[in-house]
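Here's a quick briefing for anyone opening this one for the first time. Have a look at the structure, then read on.

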Amino acid sequence: MTDIPLLSLAVWVPIIGGLLVLATGSDRNAPLARALALLVAVVGFIVTVPLYTGFDVGTSAMQFVELSPWVERFNINYHLGVDGISVLFVILNAFITIIVVVAGWQVIEEKVAQYMAAFLIMSGLMNGIFSALDGVLFYVFFEASLIPLYLVIGIWGGANRVYAAIKFFLYTLSGSLLMLIALLYLFMESGGSFSILDWHQLPLGIDAQTMIFFAFLIAFGVKVPMWPVHTWLPDAHVEAPTGGSVVLAAIALKLGAYGFLRFSLPIVPDAAQQLAPLVVTLSLIAVVYIGFVALAQSDMKKLVAYSSISHMGFVTLGFYMFNSLGIEGALVQMISHGFVSAAMFLCIGVLYDRMHSRQIADYGGVVHTMPKFAAFFMLFAMANAGLPATSGFVGEFMVILGAVQYNFWVAFLAATTLILGAAYTLWMYKRVVFGPVANKHVAELEDINGREFAILGILALCVLAMGLYPFPFTEVMHTSVNELLRHVAVSKL
Amino acid sequence: MDMQTLYLIVPLAPLFGAIVAGLFGKLVGRTGSHVVTIAGVAISFIASVLVFQDVRAGNTFNGTVYTWMVLGDLSFEIGFLIDSLTAMMMLVVTFVSLMVHIYTIGYMQGDPGYQRFFSYISLFTFSMLMLVMSNNFLQLFFGWEAVGLVSYLLIGFWHNKETAIYANLKAFLVNRVGDFGFLLGIGLIVAYTGSLNYQEVFAKAGELAAMDMDVTGWPLLTAICICLFIGAMGKSAQVPLHVWLPDSMEGPTPISALIHAATMVTAGIFMVARMSPLFELSDVALSFVVVIGATTALFMGFLGIIQNDIKRVVAYSTLSQLGYMTVALGVSAYSGAVFHLMTHAFFKALLFLAAGSVIIGMHHDQDIRNMGGLWKHMPITWFTSLLGSLALIGFPFFAGFYSKDSIIEAVHASTIPGAGYALFCVLLGVFVTAFYSFRMYFLVFHGKERFGHANHDHHDHHGDQDEEEPSADHHHGLAPGQKPHESPLVVTLPLVLLAIPSVLIGFFTIEPMLFGEFFKGVIFVGDNHVGLKELAESFHGPVAMAIHGLQTAPFWLAISGVALAWYFYLVNPAIPAAIQRTFQPLHTLLENKYYFDRFNEVVFAGGSRLLGKGLWKGGDQGLIDGVVVNGTAKLVSWVSRMSSLFQTGHLYQYAFTMIIGVFVLLTFWINRG
């Protein structure tokens with residue numbers, strides 16, 4: 001088993017498969033493109049399964065490592081590997097890809113091959129981000145992954161898609177340029193190494209650490225997105241097709257958060273500790289401020305987009321409290337948010353496909369015509385509100401417990417999400433699903449079909465399984481998180 | 001079969017029923033659904049009886065079922081703590097639930113959501129059992145939120161009703177405010193003890209009492225207890241988090257009995273009793289509990305007086321009785337609180353189910369002003385209601401007498417700050433309780449028959465949603481000439497079965513529960529608190545207590561309440577109307593429920609929406625997007641426009657610029673030299 005380059009397969013199977021799908025060409029071959037895309041997505045997922053089953057939870061070292069020279073002149077390597085922090089995201093990403101392919105099955109009727117290919121290639125690139133151990137390789141994947149998403153929003157998006165796509169692109173690109181500078185600086189300082197693991201051990205002065213910290217903060221903060229650089233996300237979500245929103249929320253937002261754990265914390269631990277109050281403050285603003293903003297939304301997708309920002313605020317909050325409850329809670333929250341936000345956007349997509357409206361005011365009484373859908377939507381809404389026995393609870397609970405250890409007032413503000421999250425989610429649910437049938441369009445709605453039932457059902461199982469038994473998820477993380485905390489506690493000055 | 005399997009059967013049997021009825025409701029049909037859920041709860045009840053006997057024989061259990069998650073030394077577990085408190089709660093929950101399940105066959109007959117309803121109430125039973133059987137804070141919180149979820153689903157069961165879906169959202173959110181405090185309390189416990197397990201936490205209670213909090217400097221244990229109690233205030237509807245409970249009456253009546261009277265709302269009381277080793281060490285927290293409880297007990301009772309909806313009268317009565325239990329907790333009479341919880345579960349479930357029976361008889365008219373003289377037409381409902389009302393007002397020998405009198409005595413003996421105020425509240429509360437209970441009783445069952453010309457104007461507050469009403473009758477209230485009829489056996493049987501404990505249970509259980517060894521090692525009362533000790537010394541058996549009760553103030557207060565209600569509503573109905581006119585401002589205050597709802601609606605709900613809109617329009621769209629993001633874009637385009645001005649294409653301008661440039665450079669160069 002160990003001889004099979006699993007991570008390379010996880011990266012390249014979707015990318016090459018995506019190119020093959022692209023080769024099917026015009027929409028005349030759409031059924032072929034769909035079938036091939038599903039096959040690739042499933043194979044892409046299957047190759048990631050051994051990453052979990054074969055994962056050694058006892059070590060914090062990188063596993064499934066692949067190392068070969070790439071650009072020898074600059075000491076750039078094709079260096080892949082995963083630890084307890086990243087492995088779950090590779091699997092989650094491959095899993096979500098299947099969901100996205102199936103979700104777009106009937107909905108996308110134009111440029112099918114291109115649509116499917118974009119998602120497959122994006123999936124491979126994102127696996128590259130989560131497993132890259134070389135700075136340049138990481139950067140290449142990080143930037144390259146922008147392109148498919150940009151295209152997805154720009155081509156299959158809504159009316160205002162061009163504005164949204166460009167806003168998304170410029171926002172994230174300007175952030176990552178700062179990261180490039182930081183990476184080059186680290187290359188110089190380390191005497192010519194692009195290895196992320198080398199950088200972890202590299203001693204740095206506090207001024208250099210601070211500069212690098214801010215470069216990373218902006219680069220990753222935009223991706224997360226953190227307040228106040230979050231305004232691209234609601235626009236991008238609103239314009240993106242359902243699949244785009246799913247990937248954006250479930251995976252793309254995790255890239256920034258992952259960057260904090262792989263780069264900021266271990267490379268510049270002193271600056272991270274010193275400036276943690278800043279990040280904690282921004283995170284709390286994200287949780288509270290955005291919670292209120294979500295309450296005021298009249299567009300379902302915008303509401304869930306803001307809810308995503310608020311939930312991601314919990315992630316960055318958890319990271320910068322420097323205790324294991326916080327970091328593991330944040331990681332759990334990331335995985336859970338992958339399921340829940342994906343499901344929420346799929347639910348909105350189900351409604352949008354039928355009514356072509358995202359406005360809450362256009363709905364009401366959906367439960368009468370779509371009872372099965374209403375049941376699923378209820379489950380995911382409750383998960384979004386962090387109800388125990390759903391995955392949404394686990395991470396929030398852990399981060400709040402961690403926050404009480406860190407500072408009571410931080411916990412106090414963070415815990416307001418219990419009220420705000422329930423308020424904006426369930427108020428939306430009430431207006432959309434409950435009540436008398438609002439209009440004749442709602443009266444004509446058809447309940448979810450088998451395909452929709454299948455994807456929502458699988459996600460529902462994931463949400464419940466993780467809520468009832470998070471042990472298998474957290475078990476993987478412990479050693480790596482503890483090692484990270486131990487590493488961060490040692491000054492580099 | 002070993003006991004541990006039995007423990008598992010108790011919650012899992014109803015869960016199985018809930019899953020079958022919920023997911024396969026169409027397949028198994030209406031009968032299949034109620035058979036499987038009732039069987040599940042019945043098995044659960046029988047198993048609870050066996051567990052109870054086992055606990056009485058001295059066998060307790062405290063162990064893990066499975067490990068949810070581990071984090072360093074902190075382990076998150078699902079586990080059971082089976083002791084006398086748990087066993088008693090299990091019996092109450094499964095018994096009342098079983099009664100309500102049976103009753104539902106009659107009440108929900110013809111409702112399109114029949115299977116769904118059975119699924120929900122079985123799911124509720126499961127959640128509530130998990131809550132009371134827990135041996136740790138994680139599972140407690142699980143159960144806590146799960147019962148809240150089912151309550152939410154059931155209040156909004158008739159989701160066509162605008163009032164119902166408003167009420168369920170309100171209930172969920174107000175409970176979330178309580179959970180907010182509850183979660184912070186749990187967080188403090190974990191932060192300072194590193195454990196979620198009750199026993200481990202209780203073992204460190206002494207240490208906690210000596211500590212102060214890091215950031216705020218507050219005494220730690222007081223903060224923990226108050227945070228936990230805020231959770232209890234939400235779930236057990238204490239002022240000011242009580243606002244959701246009256247509105248929850250929008251749900252079908254069986255769940256008002258099961259969830260919003262007998263079991264779920266007592267979760268907070270149960271929790272504080274369970275946490276007695278913590279609360280006992282903080283007098284500040286106990287005083288807080290006493291004052292909140294006393295306020296609830298009296299002031300919610302007042303509101304019961306002016307209600308005309310039969311269910312709302314019982315709802316305010318529930319609030320008031322929950323206040324009594326809370327007061328008992330505050331004066332360290334935990335076993336008294338739990339005792340009242342138990343007696344109240346029986347007689348309040350009875351009163352609610354009887355109210356439901358009246359509602360069926362009245363064809364879904366809930367206005368007591370349209371009733372009267374029902375005793376003739378609904379004899380079983382009438383008689384059981386009378387027994388329930390007597391139990392509620394604490395008439396000697398009835399269950400409520402023993403529990404309420406014990407609480408009043410305990411308040412009387414207590415020295416905790418706030419106990420004086422509490423004594424005033426609970427004593428006056430006895431009069432108020434008797435008055436509103438018998439006002440309702442007389443208006444419904446005695447006097448002139450006022451039904452048959454239902455005035456539809458009176459139903460606005462519970463909506464006109466005929467197509468969603470549980471009854472097949474598509475009209476509200478009785479048509480002229482129609483008579484109310486006694487309900488079928490599935491409805492009256494639970495009434496009778498609940499009436500028996502409502503009358504007898506206090507008599508038989510007061511001695512072991514309050515003064516015996518029953519709660520030994522489970523409920524802890526500090527030496528500095530009186531609790532029920534003084535009462536124990538003067539206790540000479542339940543008969544002596546009842547006879548002594550005939551000579552005490554509470555009895556005469558209750559009697560005068562009943563007499564006044566009789567005089568006002570049967571003999572001389574002009575008087576209450578005159579009083580209402582004379583004290584119009586007071587009546588308006590009560591009518592508006594002390595303006596709590598208005599305040600919340602304007603300040604919290606309206607304020608949040610306004611704040612959200614302000615932050616969105618002003619912050620996100622105005623400042624961040626408007627000024628910074630689009631501003632940057634504008635700046636870039638301005639710079640490029642400006643620089644494009646220089647590219648005029650006129651050679652003389654370029655030459656001129658070049659010369660100036662050379663001149664400037666030269667100046668620099670020369671100065672540098």
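Buried residues make up 57% of the 673 residues in chain B. Keep in mind that this is a predicted model. Chain B is built from 27 helices and 2 strands, and its C-alpha trace spans about 115 × 65 × 60 Å along the principal axes.

**How chain B holds its contacts**

- Take the contacts in chain B with a separation of 6 or more: 81% of them link residues 24 or more positions apart.
- The largest nonpolar core counts 457 residues, and Ala349(B) and Val426(B) are the ones that touch the most other members.
- What does Ala349(B) touch once you set aside its neighbours within four places in sequence? The list is Val96(B), Met99(B), Ala257(B), Leu258(B), Ala261(B), Ala262(B) and Leu498(B).

**A helix to look for: α19 of chain B**

- Helix α19(B) covers residues 419-445, which is 27 residues.
- From first C-alpha to last, α19(B) reaches 38 Å, close to the 39 Å expected at 1.5 Å a residue.
- Of the 27 residues of α19(B), 22 are buried, so this helix is largely enclosed by the rest of the structure.
- After α19(B) comes Gly447(B), with a positive phi near 75°.

**Where chain A meets chain B**

- On the chain A side 40 residues are in contact with chain B, and on the chain B side 42 residues are in contact with chain A.
- Which elements of chain A give two or more residues to its side of this meeting? They are α13 (269-295), α15 (324-355), α18 (391-406), α19 (408-415), α20 (417-433) and α23 (471-489) of chain A.
- The largest share on that side comes from α20(A), with 7 residues.
- By class, the chain A side splits into 31 nonpolar, 7 polar and 2 charged residues.

**A helix pair in chain A**

- Two packed helices are described by the angle between their axes and the distance between the axes.
- For helix α5 (residues 112-131) and helix α6 (residues 135-144) of chain A, the angle is about 145° and the axes are 8 Å apart.
- Is the crossing of α5(A) and α6(A) left-handed or right-handed? It's left-handed.
- On the α5(A) side you'll find Leu125(A), Gly128(A) and Ile129(A), which meet Phe138(A), Phe141(A), Phe142(A) and Ala144(A) in α6(A).
- That contact of α5(A) with α6(A) has 6 nonpolar residues, 1 polar residue and no charged ones.

How values were computed. Residues are numbered from 1 along each chain as its sequence is written. Chains are lettered from A and ligands numbered from 1 in the order in which they are written. This is a predicted model: local features need pLDDT of at least 70, side-chain atom pairs count only at pLDDT 80 or more; totals for chains, interfaces and linings use all residues. Helices (H or I, at least four residues) and strands (E, at least two) are DSSP runs, numbered from the N terminus. A residue is buried if 20 or more other C-beta atoms lie within 10 Å of its own, exposed if 12 or fewer, and partly exposed in between; C-beta atoms are placed from the backbone. Two residues are in contact if their C-beta atoms, placed from the backbone, lie within 7 Å. Ala, Val, Leu, Ile, Met, Phe, Trp, Tyr, Cys and Pro count as nonpolar, Asp, Glu, Lys and Arg as charged, and the others, Gly among them, as polar. The expected span of a helix is 1.5 Å times one less than its number of residues. Axes are lines fitted to C-alpha atoms, for helices over the stretch in contact, and angles run from 0 to 180 degrees between N-to-C directions. A crossing is left-handed if the near helix is turned anticlockwise from the far one by less than a right angle, and right-handed if clockwise. A nonpolar core is a set of buried Ala, Val, Leu, Ile, Met, Phe, Trp, Tyr and Cys residues joined through C-beta atoms within 7 Å.
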